[in-house]
Amino acid sequence: MNEESLTAEPAVGHSVRDWRTIYAGRMVITDLLVLIWVVFGVQIAWFGFETADVAFRGSASDLGVSYTTVSVLVIAGWLAFLQVFGTRESRVLGTGPDEYKLIMSASMRLFGLLAIAAFLLHIDVARGYILLAFPFGTVVLVFSRWIWRQWLCAKRLDGEFVSRVLLVGSQTSTLHLARELGRQPAAGYLVVGACIPGGFDNSSLPGTEIPVFSDIDELQAAMSSVNADTVIVTSSDELSPDRIRSISWGLEPGRQHLVVAPSLTDIGGPRIHTRPVSGLPLIHVEMPRYEGRKQFTKRAFDVLGSSVLLLALSPLICLIGLIVKFTSQGPVLYRQERIGMNGEPFNMLKFRSMTVNADEQLAGLLEVQGTLDSPLFKVRNDPRLTKIGGFLRKYSLDELLQLLNVLKGDMSLVGPRPQREGEVALYDTSAHRRLFVKPGMSGLWQVSGRSNLSWEDSIRLDLYYVENWSLAGDLVILWRTIRAVVSPAGAY
C-alpha cells in the first residue's frame, strides 16, 4: 500500500453534506428509466400496440383497467419497494452484495404481493406479462446498479462521494484501521484525521500524512478542521462507554455519523450477526466450518465444473500438448509433488514450460534473487523457461491439466494455491491454516495481483478465503480469474 492512500486530501467536486442525496437521486432516475423500458417493453412485446384490458372474474360491472394503467402502477410500486427496502442507502453502496440482494428481495416481494392481490380480487392478469417483467426487470436493475457502482468506485478513488472519517482510539488501533480502510477505497471511507486521547508525540500518524488530535473534548472542532462527517471509534482504554455515548450525542443527526469498529479483521459479512442485549450491541462471529453440507456443495461444484471444462477445452489441451512436444526436448507433462489439504502430498500436473533440469537450478536462482527464505518460490525473468513456456505461464495455459487433479479430488477449482514442501516448511502458525481446505487452480490472491503481491498480502488473502468460503465467492473468483488471465499482469 502506498502512502498516498492514507493521506488526507480534501474531497473535490461535491460537498460531503449532500453526496448521498445526489447519488441516490441519480439512481432514482435510472431506476425509473429502466423500469419504464422493461415494463412497457414487455407490455408491447406481449400485447402489441393494441389496447388490452385486465379482466375481473365474477364482476358484473363494466369496470375495465387497461394494461397501460397496470404498467404505470407496477412501475410506481416497484420504485416504492426499492426505496422502502433501502436499496439506495449509502451503507450498501460501493462494495459487497447487499445492494443487489435488496433489489432482488424488493422485486420478489412486490410480485408476490401482486400475485396474492390478483388471486384475492379475482383479477386475470396475463401470466406471460408478469413472468417476463419480473425476472427481466430485476436483471436489468441489477446491471444498471453495477454500472453505477463502477462509476462510484472510480469517483471514490479520486476522493469524491466518500465519508470523510475521523478515527478515535489508540495509536495502534487507529493506524491499523487507517491502513485497512486504505486497502479498500471503493468502500468509501477516506481517513482525514485521528484523535488519540491521552496525547501523542507526532503531528500525524506514523508513515502517513493523517493529522492527529489529542483532545477528545474538542472532537467537533477537530471534525470541522478536517471537514469530517463520520467518526469511527476503535479500541482504546481512554474511551469508557459513557465517553463513547457522549461522542454520539455530540454529533449532528443526519449529517454526522458514528461507526464503532471492533478489533476484528478479515471477517466475511455472513459470519457476523448483531444481537442487542440490555442496550449492548453484541457481535456474534461464527467460526468457519469445513464439513457437512458446505463440503459436499464444494465437491459437487468441483466435479461438475472440472468435467464441463475438460470437455470444452479438450481441443485446446491437445493443441498445447502438441506444441510443447515439438518446440522443446523433454516430456510433455510435468509432475511435481505439492502439499494439499491437511498437509497431504499429491502430484500436481502441468504442461512442461521449463527445461528438463529446472528443479535443480531453483535454489541457486532464489539465492541470487534473495528470496530463498521466503515461502513463495517465484523467480523473476526466469531463464529456465522454454520458448513457448513463457507464453503458457503468462496466460496460465500450462495449468489446464490441473482440471484432472480437481476431478480426482486432490485440488479444487478455487482455493489457496498448492505449494512445495520446502515452502510449507517456512510457514508460521497462521499460514498453516491454508491447509484446512483443498488447494485450488485459482485463488483470491491470484486474482488480486498474482506474483506482484508480497507473501504477507498473499497469505492474508488466502486466510480470508479459508475463513469465509462460500459458493458465491467461488463464482466471483472464477469470473475474476478469466479477467486476470486475459490481462495477465503480475504473471511469471
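Helices (H or I, at least four residues) and strands (E, at least two) are taken here as DSSP runs, numbered from the N terminus. Counted that way, the chain has 14 helices and 14 strands. This is a predicted model, in which local features need pLDDT of at least 70 and side-chain atom pairs count only at pLDDT 80 or more, while totals for chains, interfaces and linings use all residues. Residues are numbered from 1 along each chain as its sequence is written, and side-chain values use heavy atoms, with hydrogens and water left out.

First, the overall picture. Of the chain's 492 residues, 42% are buried, where buried means under 20% relative accessible area, exposed means over 50%, and partly exposed is in between (1.4 Å probe, protein chains only). The accessible surface of the chain is about 26600 Å², with 61% of that belonging to carbon and sulfur atoms; such areas come from the Shrake-Rupley method with a 1.4 Å probe, and for residues only the protein chains shown count as cover. As for contacts (heavy atoms within 4.5 Å), 72% of those with a separation of 6 or more link residues 24 or more positions apart. Disulfides, meaning pairs of cysteine sulfur atoms within 2.5 Å, number zero in the structure.

Next comes the open sheet. Five strands make it up, in the order β6-β5-β4-β7-β8, and the pairing is parallel; two strands pair if DSSP finds at least two bridges between them. At the edges sit β6 (212–213) and β8 (257–260), each of which pairs on one side only. Strand β4 (residues 163–168) is mostly covered, with six of its six residues buried. S163, V165 and L167 point one way from β4, whereas R164, L166 and V168 point the other way, and all are buried. In a regular strand, side chains alternate between the two faces of the sheet. β4 pairs in the parallel sense with strand β5 (residues 189–195) over six bridges, and V168 stands opposite C195 in β5. Further along the sheet, strand β7 (residues 230–233) pairs with β8, again in the parallel sense, over four bridges. Within that pairing, T230 has H257 in β8 as its bridge partner.

T234 lies in the loop between β7 and α7 (241–249). T234 counts as buried because its relative accessible area is 9%. The side chain of T234 makes a polar contact with the side chain of S173 at 2.7 Å. A polar contact here is a pair of N or O atoms within 3.5 Å; within protein, one must be able to donate a hydrogen and the other to accept it, and residues adjacent in sequence count only if both atoms are side-chain atoms. Not counting residues up to four places away in sequence, T234 touches V168, G169, S170, S173, T174, L177, L239 and A261.

On to the nonpolar cores, each a set of buried Ala, Val, Leu, Ile, Met, Phe, Trp, Tyr and Cys residues joined through side-chain atoms within 4.5 Å. The largest one has 27 residues, and I320 and L413 have the most contacts inside it. At least two residues of this core come from each of α8, β12 (345–351), α11 (402–408), β13 (412–414) and α13 (455–467). The largest share, five residues, is supplied by α8. With neighbours within four places in sequence left aside, L413 is in contact with residues including F301, L309, L403, V406, M441 and L478. Apart from this core lies another, of 21 residues, among them V70, W78, F111 and A133.

A133 belongs to helix α4 (residues 127–157) and is buried, at a relative accessible area of 2%. Setting aside residues up to four places away in sequence, A133 touches V38, V42, W78 and F111. A133 and Q43 are 90 residues apart in sequence, yet 8.5 Å apart in space, C-alpha to C-alpha.

Finally, S328 is found in the loop between α8 (293–327) and β11 (333–339). S328 counts as buried because its relative accessibility is 17%. Its contacts, leaving aside neighbours within four places in sequence, are R352 and T386. With R352, the link is a side-chain to side-chain polar contact of 2.8 Å.
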